[in-house]
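Let's take a look around inside a protein model together.

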Amino acid sequence: MSAMRVDAKVVMLGKESVGKTSLVERYVHHRFLVGPYQNTIGAAFVAKPIQVGDKVITLGIWDTAGSERYEAMSRIYYRGARAAIVCYDLTDSSSFERARFWVKELQNCEEHCKIYLCGTKSDLILGDKNLRQIDYHDTQDFAEEIGAQHFETSSKTGNNVDELFQKVAEDYNNAAFQYMTEEKGVDLGLKKDSYFYSCCHNN
Amino acid sequence: MMSQRRGIHLDQSELLCKKGCGFYGNTGWQGLCSKCWREENQREKQKQIQEDWALAERLQREEEEAYASRHQKTQSQPAVTPFSKFEERKTKEKSSKVNTVTKFFSPSIKTPPKKDAAPFDPHSSPSPSSSASRPSVDSDHATREFIDFLKPLKSGREVFKQCRAFTESMVYKREMGADELSECVQDFYQNLSERLQTQFKGSSDQVETVMDEVEKYMMTRLYKEVFCPETTDDEKKDLAIQKRIRALHWVTIEMLCVPVDEEIPEVSDSVVKAITDVIEMDSKRVPKAKLGCITRCSKHIFNAIKVSKKEAASADDFLPTLIYIVLKANPPRLQSNIQYITRFCNPSRLMTGEDGYYFTNLCCAVAFIEKLDGQSLNLTSEEFELYMSGQASPHWPQSAGASSSSPGSAALTQVHKGLDLLTGLGERQERVMEKARQLESDLIDWTDEVEQKVQSVLESFTPEAQNPAAATAGGTAPAPSGASAIDSDNVENELLPPPLQPQVFAG
Ligand SMILES: Nc1nc2c(ncn2[C@@H]2O[C@H](COP(=O)(O)OP(=O)(O)O)[C@@H](O)[C@H]2O)c(=O)[nH]1
Ligand SMILES: [Mg+2]
Ligand SMILES: [Zn+2]
């Protein structure tokens, strides 16, 4: 059982039933399933290779248990993540409050983790504009303020889903490149100690 | 929706780093997170690291010298006898080990290594001089495999020397705390993989493959020293969680909302396999192998869910089911194993990959079990206490009087409680007696069975030409029908010499 090598850990965060699992399902399996069991489709962990330029980046996508009963332990989940897709339901303003909470958590605890704000179920507001509870421009401002990317997606139609994950992979690739050149600089300065160069947050 | 909310309502601050950085703290790190713990200990460690490095360098120099001198002597010096070698080892244990090993990388060797060939094995001859570091048969095997793996690699010899020197140097650090040991190993992993990438131009996949073998070699050799070391309270924690899980024996599938139907044979089969795998984790030495057990366990869980629900499982189904499996399995030395994996596994595997995902879930499951209370199972705290104390069980509802205590009188309540307790005890005694009776009858059955087996064995050994009279002759034989006792009369017996008589010698 040799599992696929994974370059970066990407965690899905957000309130229960905002559509985390559906988003992964749509991206990885190109499908959106309806029916009584739809919130249980999809695997909990997926390794997904993505072409970025002439390179292939493999994202390890971690879905998390949505139930609030496990919320106290969710920090164990996002530790070491290079990207977090923080989901909120465009038709549910309370879910955006939860999203703000996650953003704060991540800013405090995972400085190497890039944040992607993702408004889900955009197909619903396409049908009925009144359903929208989260303003696009407000969110855009918030995203810029915190240095995050901002997407609105629909797992039902697939709108913007590939773009989101593609951006995650590209950003990781750029950051990894930058990171490596930074490291070189450090190495030159501290040649002797570089053998035991240590940092706990940069796997 | 919120009213149905259950959860372990633990105080976040309990879990967080004492420095207030927002990370999770760890009691093993004095309540700090790994980052703050590192910073806190940086200066002290820097000194230690310098010393380690000096030691590693010294060992390497010794190796080179030994290697060089060995090369000059190869023609003139035949095999060393174990005894003279023993003397040599007493003073130069390190270098003599290298000699045998480096031979493998030198092109002059013509015969391929025999898998169990003793001469190759630097540790097989008894060597009382070695410390606790003396590797066992397992680690010798690991060394051999490691060398076989590295041989075709351009940088193989270099990698082996580094790993060997480092592993040896770890032995001098036995006094060190577990987390410092962990940090040394992690730093070594990181540095080596960086060098493999930059100096030896390995691809990420190649580096990972090599690092897996490095981990296997090093941890097989260091396992005894660094698994559940005395410097930690890992063992205490093992016992605590074991006791805790035993006390939670009454928790049902329904309470945890586990979407698994054990009535279905394939599901119960998967559940049993999952339990077996998570228990098996303790028997593995290498962190990666332990992780493999968790991953296999998880795959069985996914199958159990899939078959029960007739569709693929999600994270929402998986975690509760894993909690259920851990409760059922009560895996041995659970905390020690988690700590060991956390400390000594390749970090990339633990943090990003699929194994890491399942491992993280296991950590969550354990945290959940530790903090679990009535609310997390949708029970009142009274029910929870009753079940925990064994006075009642969801399987045999508590006696009728339990809920009907008369309002005014505290004394009466006391009496009722006492009565309940007695009823509970009575029932428990009843069950114990029942079990005892069952055991007794089982024992009787078993005796009968054994008797029958003995008889049938005896029958199968009876010579065909046996005198039928012999059967009746042995009146004391336990089974009458046609069986022959060993000492029964036999015609051939007359041909045997008389038995020897004891003789008395004058003193
Ligand atoms: N219309 C619409 N419904 C969605 C979308 N994404 C998810 N849903 C629905 O929202 C519910 C919860 O989705 P799920 O992925 O299980 O949420 P999770 O709890 O965050 O994993 C399900 O009923 C989905 O069908 C979407 O893009 N459009
Ligand atoms: Mg989900
Ligand atoms: Zn901290």
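## The largest cavity

Helices α2 (74-78) and α3 of chain A each give at least two residues to the lining.

This cavity has a volume of about 160 Å³, and the structure holds 9 cavities of 30 Å³ or more. A cavity here is a set of points on a 1 Å grid over the protein atoms alone where a 1.4 Å probe fits but cannot get out, and lining residues have an atom within 4 Å of a point.

## Where the model comes from

The model is predicted; local features need pLDDT of at least 70, side-chain atom pairs need 80 or more, and totals for chains, interfaces and linings use all residues. Residues are numbered from 1 along each chain as its sequence is written, chains are lettered from A and ligands numbered from 1 in the order written, and side-chain values use heavy atoms, leaving out hydrogens and water.

## The two sides of helix α5

Which residues of α5 (136-146) of chain A are buried? They're Thr139(A), Phe142(A), Ala143(A) and Ile146(A), where buried means under 20% relative accessible area and exposed over 50% (1.4 Å probe, protein chains only). Seen down the axis of α5(A), they fall within an arc of 100°, so they line one face of the helix. Turned away from that side are the exposed His137(A), Glu144(A) and Glu145(A).

Notes: Helices (H or I, at least four residues) and strands (E, at least two) are DSSP runs, numbered from the N terminus. The arc is that of the directions from the helix axis to the C-beta atoms. On a 1 Å grid over the protein atoms alone, a cavity is a set of points where a 1.4 Å probe fits but cannot get out, and a pocket is an open set with protein on both sides within 12 Å along at least five of seven lines; lining residues have an atom within 4 Å of a point. Grid points are joined across faces, edges and corners, and a volume is the space filled by probe spheres set on the points.
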